[in-house]
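Here is a guided walk through one protein model, from a single chain out to its copies. Have the picture open beside you as you read.

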4 protein chains.
Amino acid sequence: MPDVIFPLDSTKPFTEQEILGHNRWHPDIPAAVSVKPGQSARIECREWFDGAIKNDDSADDIRDAPLNTVHRLSGPVRVEGAKPGDLLVVDILDVGPIPQEEGPLAGQGWGYTGIFARRNGGSFLVDQFPDAYKAIWDFAGGKATSRHVPGVEFTGLIHPGLMGTAPSRELLSTWNTREATLIATDPDRVPPLALPPEPDGAILGSLTGADFERVASEGARTAPPRENGGNQDIKNLSKGTRVFYPVFVDGANFSVGDLHFSQGDGEITFCGGIEMGGYLDLRFDIISGGMDTYGVAENAIFLPGNSDPQYSEWISFSGTSVTLDGEQRYLDSQLAYQRACLHAIDYLTRFGYSPEQAYLLLGAAPVEGRFSGVVDIPNSCATIYVPTAIFDVDVRPSASGPARIDAGVGAPHSAF
Amino acid sequence: MPDVIFPLDSTKPFTEQEILGHNRWHPDIPAAVSVKPGQSARIECREWFDGAIKNDDSADDIRDAPLNTVHRLSGPVRVEGAKPGDLLVVDILDVGPIPQEEGPLAGQGWGYTGIFARRNGGSFLVDQFPDAYKAIWDFAGGKATSRHVPGVEFTGLIHPGLMGTAPSRELLSTWNTREATLIATDPDRVPPLALPPEPDGAILGSLTGADFERVASEGARTAPPRENGGNQDIKNLSKGTRVFYPVFVDGANFSVGDLHFSQGDGEITFCGGIEMGGYLDLRFDIISGGMDTYGVAENAIFLPGNSDPQYSEWISFSGTSVTLDGEQRYLDSQLAYQRACLHAIDYLTRFGYSPEQAYLLLGAAPVEGRFSGVVDIPNSCATIYVPTAIFDVDVRPSASGPARIDAGVGAPHSAF
Amino acid sequence: MPDVIFPLDSTKPFTEQEILGHNRWHPDIPAAVSVKPGQSARIECREWFDGAIKNDDSADDIRDAPLNTVHRLSGPVRVEGAKPGDLLVVDILDVGPIPQEEGPLAGQGWGYTGIFARRNGGSFLVDQFPDAYKAIWDFAGGKATSRHVPGVEFTGLIHPGLMGTAPSRELLSTWNTREATLIATDPDRVPPLALPPEPDGAILGSLTGADFERVASEGARTAPPRENGGNQDIKNLSKGTRVFYPVFVDGANFSVGDLHFSQGDGEITFCGGIEMGGYLDLRFDIISGGMDTYGVAENAIFLPGNSDPQYSEWISFSGTSVTLDGEQRYLDSQLAYQRACLHAIDYLTRFGYSPEQAYLLLGAAPVEGRFSGVVDIPNSCATIYVPTAIFDVDVRPSASGPARIDAGVGAPHSAF
Amino acid sequence: MPDVIFPLDSTKPFTEQEILGHNRWHPDIPAAVSVKPGQSARIECREWFDGAIKNDDSADDIRDAPLNTVHRLSGPVRVEGAKPGDLLVVDILDVGPIPQEEGPLAGQGWGYTGIFARRNGGSFLVDQFPDAYKAIWDFAGGKATSRHVPGVEFTGLIHPGLMGTAPSRELLSTWNTREATLIATDPDRVPPLALPPEPDGAILGSLTGADFERVASEGARTAPPRENGGNQDIKNLSKGTRVFYPVFVDGANFSVGDLHFSQGDGEITFCGGIEMGGYLDLRFDIISGGMDTYGVAENAIFLPGNSDPQYSEWISFSGTSVTLDGEQRYLDSQLAYQRACLHAIDYLTRFGYSPEQAYLLLGAAPVEGRFSGVVDIPNSCATIYVPTAIFDVDVRPSASGPARIDAGVGAPHSAF
């Protein structure tokens with residue numbers, strides 16, 4: 001096991017740790033720790049809400065989730081010698097949950113998937129699911145099961161939802177400008193189009209005083225993926241993966257958080273995947289001048305690991321870019337994927353699941369979401385693939401009609 | 001081998017065959033042939049341009065491709081007893097190229113990928129690639145190679161790009177109305193937003209006279225995927241797949257065409273995948289009342305086959321929903337996938353490929369395109385996965401810099 | 001499709017074809033056809049008993065199978081320029097069944113698995129299964145089902161059981177000497193230890209007269225795999241595979257036959273896999289001096305194809321090298337695999353199969369057989385892996401006990 | 001993380017731990033710990049030589065390895081309520097190395113593969129490799145590399161080599177009798193045919209006094225796999241696997257040890273796989289009366305996990321049952337696999353490896369070994385599959401000849 005360079009005391013909140021992390025992107029957040037090229041290191045991570053979501057049967061915590069406080073990031077990690085224009089090489093040597101002895105995440109051999117309510121973030125299918133829902137997942141043997149979504153068990157595809165390097169001053173300015181422009185087109189939208197800098201709830205490592213105030217007012221929110229990687233929510237960044245990040249500041253200032261035990265492509269419930277705290281063992285290296293050498297000006301490239309869970313039988317659903325109201329949109333793959341997801345949900349309800357159980361399942365299980373056709377004007381075609389072996393019953397269509405699962409107590413639900 | 005119910009004489013054009021197919025969707029196109037539930041049958045298919053694209057080193061044929069004439073569909077096949085509300089079960093028993101002895105596709109152990117020019121259809125990356133390009137692929141041993149994109153060889157993932165059932169009168173009307181509404185928002189756009197009914201070039205099976213005129217003026221174009229399946233371009237509809245289509249008219253009136261030897265997710269070059277003529281062996285069955293039983297009101301669902309080519313090592317690229325000009329878009333996965341594709345293209349040029357060679361390769365090879373994050377406001381994150389084993393050289397980033405392939409003669413190019 | 005260099009008329013027996021093949025190994029059997037390095041060619045093959053086994057419900061044909069007449073091999077194919085010491089490179093471009101219109105194999109979208117009786121060849125488990133049994137398998141959509149082994153369906157792993165190059169005079173002499181020595185240790189054994197040269201039933205291409213007599217009396221039987229490849233029965237020589245054979249005579253004189261639609265590791269029923277006639281598309285090349293360059297003095301090496309059927313869930317059985325009578329043998333993997341197979345058979349009978357149905361299934365389905373431990377004195381450990389997705393019912397152990405399949409009419413049986 | 005029911009203090013030898021394990025099989029060894037059905041538990045394991053093999057560059061420790069002392073087993077674990085005739089269900093929830101802070105295995109992010117010398121155990125290829133050799137493997141990121149076998153890196157397929165239940169008195173007697181009978185056929189053989197009970201070095205849990213003496217003189221050695229599972233060395237018993245063991249004594253008395261970071265099929269070097277200490281998280285359950293219900297009288301059956309490392313490109317070698325001296329053996333798969341392994345070794349030497357480096361690699365990497373043909377009299381055919389992606393260079397045959405790796409310092413070697 002590599003040395004723990006970023007430890008977290010599970011009995012204390014994120015803001016009371018010896019080494020303070022951060023929850024905004026800014027070049028002036030000082031590096032918390034430092035590594036040499038070639039070095040391996042263990043980094044511990046809090047789940048993104050730092051324990052605000054409980055292992056219970058109420059969705060009130062999801063409804064009221066404190067979005068200003070996310071994501072708790074471990075870092076920045078300074079990589080000695082890294083310079084703007086380099087590629088930072090990050091090997092994911094290991095990633096897993098940390099069972100906690102005490103504190104808010106005590107005994108965390110579990111995680112959660114939430115559907116955000118419209119008035120607090122919303123989700124991919126917010127028009128169909130305007131309220132908050134939750135599912136608790138228990139981990140055992142590398143597999144997840146849930147009392148809130150019974151009749152399924154699947155192997156975890158453990159990965160960090162968020163990794164990235166610090167932006168340069170110029171890049172940060174670009175972000176803030178372009179996102180403000182978007183917000184300005186509909187500033188009162190619920191859910192919002194984007195999240196502007198927000199001093200409330202900002203955590204900025206060792207910064208204090210005027211520097212804290214300035215950075216808190218400028219720091220970019222961590223919700224979106226951007227040129228530095230960030231919250232890409234790529235489910236395939238699993239153990240064994242090598243990722244290459246562009247470097248924008250001296251030292252690269254790498255940060256990581258938002259661990260998932262599993263996630264379906266898209267993280268469609270927004271508050272999921274299966275969120276959990278845990279650890280990563282990472283090895284850092286540098287390809288000097290690699291951004292230019294390899295034409296990587298932005299966004300991570302990666303070589304995925306080869307130990308992801310294998311499933312060979314799938315049931316698949318397709319969707320096109322026509323709204324539920326029948327409006328024809330032009331090559332809108334986002335919409336096509338929504339329609340494919342809704343088709344999968346409708347289908348699964350015939351086996352006894354509630355729509356929200358099916359939705360939570362698609363957010364949590366290792367489902368594949370693919371761009372199948374993106375040019376066949378005016379309709380994009382998107383497809384979603386659900387492994388059939390994860391279900392206790394046979395979920396394939398047949399002349400004899402659907403088997404029925406026992407949907408149990410259902411998913412906790414909270415409305416405003 | 002099942003009986004050939006829809007034969008094509010390779011020495012004659014599609015319009016001079018004994019059994020006439022069609023290239024528009026309309027409930028009044030009479031069934032060309034008939035099968036019983038449980039029956040297997042071989043259906044032959046012309047490539048979508050019926051031989052207009054040649055195995056040569058000019059892209060003029062791509063530039064001037066006669067879009068009004070596509071897709072040559074084999075069918076309609078009437079399935080006895082199928083009724084609206086049923087699910088039509090289609091097993092893809094086999095699918096492959098037909099080597100032709102004579103005629104326009106003589107010796108077709110080959111196929112092609114084209115990038116459409118802006119003024120004739122355009123493609124997924126039309127702003128970056130406004131002209132026409134072509135690559136010819138040779139098939140041997142289930143693998144494809146190209147003199148126009150040297151240094152790669154990959155196993156075919158053979159599939160039909162287009163399968164579907166006939167629309168009902170109401171459904172056709174819905175299509176025409178909603179697409180006309182879209183077109184009306186920018187009727188002179190190049191490329192167009194959608195393709196309205198077009199009598200010119202219409203082929204309508206055995207229809208003649210006034211019926212022909214009426215149906216030609218009403219029939220929906222075959223470019224887009226819609227509720228009936230249609231041109232979904234799902235690369236995973238390979239041998240061994242079972243597909244379930246909603247039935248909208250008596251007999252289902254199933255049609256098929258647009259065979260691909262391989263395709264990357266999205267069919268991003270538009271005139272690709274690797275287009276080819278060939279055959280399908282299909283088995284038909286019915287789940288009576290299945291649309292309601294399984295909640296399948298529209299769009300195909302399917303159980304993919306289990307013999308797709310296996311690759312275990314990939315290089316992957318990500319993109320987000322910011323335009324090349326720096327404009328922030330809201331959760332636009334279509335854009336995010338474009339950016340991921342452009343990143344892959346930029347990267348591959350460092351190994352010696354021209355941008356258009358890299359683009360043609362991504363359209364043709366079995367690359368995966370995934371919705372990674374679709375909720376992280378304001379940025380979608382899309383990813384594209386390219387199998388590394390298809391390249392003659394090691395295409396992974398390293399401190400020693402990229403190896404160079406010999407890009408050869410390059411891809412044929414034609415501008416207007 | 002490559003040119004057919006070795007055609008077979010399905011209305012005529014193997015011995016009445018225009019181009020005669022052979023069923024013995026000998027350097028003096030003249031090449032039947034010739035190819036150039038780099039050339040692709042189609043070769044048609046008869047099933048190994050040339051139609052003696054019928055698609056019916058009797059096992060008399062298996063009991064009385066004419067073993068002297070096997071294997072009908074297509075070839076020899078002379079590869080121009082090949083010299084002793086070279087490696088012959090054979091790409092399996094395609095392999096599949098040929099549906100026959102007429103003659104003894106008419107309509108052959110089917111194949112068979114037989115268990116040889118002790119008095120006519122015997123099988124891997126001859127002591128437990130001394131009589132003859134048969135199962136007919138029907139092919140559709142690349143999958144096999146059987147009226148004699150109901151409740152299973154699996155994707156074919158189509159491959160040639162037998163490919164090889166002609167032996168040199170010295171090598172043939174080595175074979176005959178060492179096999180005669182083995183036979184002499186127990187010349188009356190039933191089944192025999194090995195098969196000596198046998199003029200009766202010999203087919204020797206274009207040879208006639210005294211040459212025929214001499215070669216018939218010297219030619220090695222084709223049952224065993226040997227230095228030249230031969231009847232290796234490697235189920236993984238599927239489409240997309242590249243095989244490297246040592247060359248022992250000028251022109252290599254390559255031959256092929258014994259096609260299987262599928263086979264479990266070991267071909268444990270002896271008259272199985274699923275035997276069928278069919279075709280191969282092969283591409284030939286030479287690595288000059290490759291035997292020395294790569295240290296390949298004997299036996300094929302190969303790069304398997306990447307489109308084999310994928311199964312991700314298995315049930316597995318183990319066995320060790322103790323006989324059923326309780327005798328301890330020393331590191332005998334052959335015995336350990338027998339015991340593992342017997343355990344699998346015992347297990348499957350609890351689900352309703354007869355022992356012979358289970359045995360036929362293990363011989364035919366794509367089961368894996370592995371050497372797990374070969375050094376743990378005195379016991380070898382062998383394991384067999386059966387894909388669970390091929391069964392209609394769940395065949396995993398559970399507290400609720402086994403589900404029952406309907407075993408149907410059972411497997412045809414014939415005793416002497 | 002489950003409770004640790006069998007902890008090991010890494011600063012102390014196996015014999016000085018608070019809870020004592022054992023290294024012989026005997027029904028009278030008392031259970032060390034107890035679990036309830038349904039319970040999960042962590043069990044720590046020492047590597048099989050308890051630290052006698054060092055992370056250094058000498059093979060003296062392999063040459064002199066104290067075989068009387070193996071295997072250090074953690075257990076017996078009593079499963080409450082288990083009765084003879086039941087099936088014990090063991091889920092492998094997790095398995096991995098434990099990095100040790102102090103003591104003989106300090107810092108063990110490493111393991112070793114050894115080739116035993118003929119005079120101390122021997123190996124699968126003892127005639128070709130009569131001396132002792134060693135390779136040290138370093139673990140990082142779930143992958144192994146070695147200074148003694150450079151140019152390769154592979155993902156670990158972590159598993160316990162040895163798990164099993166205690167034998168009944170009758171079963172133990174059967175073992176001792178049949179193995180003594182075998183030994184008696186050649187009692188002075190080097191290496192021996194089997195290992196009789198050996199009081200010297202026996203560790204028997206909490207037994208003392210006369211009981212200790214009796215059990216030490218009767219207890220079966222742990223080297224071989226037997227009816228109770230035992231040292232099966234099945235590389236596929238990886239995380240996510242469910243194993244079913246026959247129960248022969250009240251409480252089942254389950255034990256486990258001999259963890260491997262990876263292993264090629266067969267564990268051909270004998271002192272390999274990659275040996276390491278570590279932990280297992282197991283969940284125990286019972287199927288009452290399951291031995292009869294499922295026909296499992298002996299030997300484990302199992303459902304393998306689905307997260308094993310995926311490799312899609314292989315180079316494969318075959319062998320038949322003819323000795324190197326040219327003697328024809330009858331259907332001897334053990335010999336055929338030896339010949340296949342020797343072919344692989346010969347081949348790899350052409351790329352620069354020493355024969356012993358190649359041998360160590362085949363014992364350690366996740367290579368597959370299959371029974372390809374077991375009935376083709378007189379020759380068995382065995383095959384071995386080596387993943388090509390584990391090599392730094394391309395190891396496929398080509399006209400340009402083999403690339404050369406830098407074999408480095410080579411593998412440590414010690415002769416008697």
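This is a predicted model: local features need pLDDT of at least 70, side-chain atom pairs count only at pLDDT 80 or more; totals for chains, interfaces and linings use all residues.

How many Å separate the centres of domain 1 of chain A and domain 2 of chain A? Taken over C-alpha atoms, these centres are 27 Å apart. The bounds, which come from an automatic or database domain assignment, are 4-303 for domain 1 and 314-414 for domain 2 of chain A.

Residues are numbered from 1 along each chain as its sequence is written, while chains are lettered from A and ligands numbered from 1 in the order in which they are written.

**One chain**

Chain A contains six helices and 21 strands; helices (H or I, at least four residues) and strands (E, at least two) are DSSP runs, numbered from the N terminus. Along the principal axes, its C-alpha atoms fill a box of roughly 65 × 50 × 40 Å. Of its 416 residues, 64% count as buried, a label for residues with 20 or more other C-beta atoms within 10 Å of their own, C-beta atoms being placed from the backbone.

**Between the domains**

In chain A, 39 residues of domain 1 are in contact with 31 residues of domain 2. On the domain 1 side, the elements that give two or more residues are helix H1 (60-63), strand E6 (110-115), strand E7 (132-140) and strand E15 (270-275) of chain A. E7(A) makes the largest share, five residues.

**Chain A meets chain B**

Chain A and chain B each bring 83 residues to their contact. Elements giving two or more residues to the chain A side include helix H2 (169-184), helix H5 (333-349) and strand E18 (314-320) of chain A.

| Surface | Residue classes |
|---|---|
| Side of domain 1 of chain A that touches domain 2 of chain A | 17 nonpolar, twelve polar and ten charged residues |
| Side of chain A that touches chain B | 39 nonpolar, 29 polar and 15 charged residues |

Strands also pair across this contact, where pairing takes at least two DSSP bridges. Two bridges join E18(A) to strand E17 (residues 301-303) of chain B, and the strands run antiparallel. Here A:Ser316 stands opposite B:Phe302 in E17(B).

**Symmetry**

Copies are superposed by least squares on the C-alpha atoms of residues with pLDDT of at least 70 in both. The same surface serves both copies, as 100% of the contact residues of chain A recur in chain B.

Chain A also superposes on chain C by a rotation of 180 degrees with 0.0 Å of shift along its axis (RMSD 0.0 Å). That is the relation of a two-fold axis.

Methods
A residue is buried if 20 or more other C-beta atoms lie within 10 Å of its own, exposed if 12 or fewer, and partly exposed in between; C-beta atoms are placed from the backbone. Two residues are in contact if their C-beta atoms, placed from the backbone, lie within 7 Å. Ala, Val, Leu, Ile, Met, Phe, Trp, Tyr, Cys and Pro count as nonpolar, Asp, Glu, Lys and Arg as charged, and the others, Gly among them, as polar.
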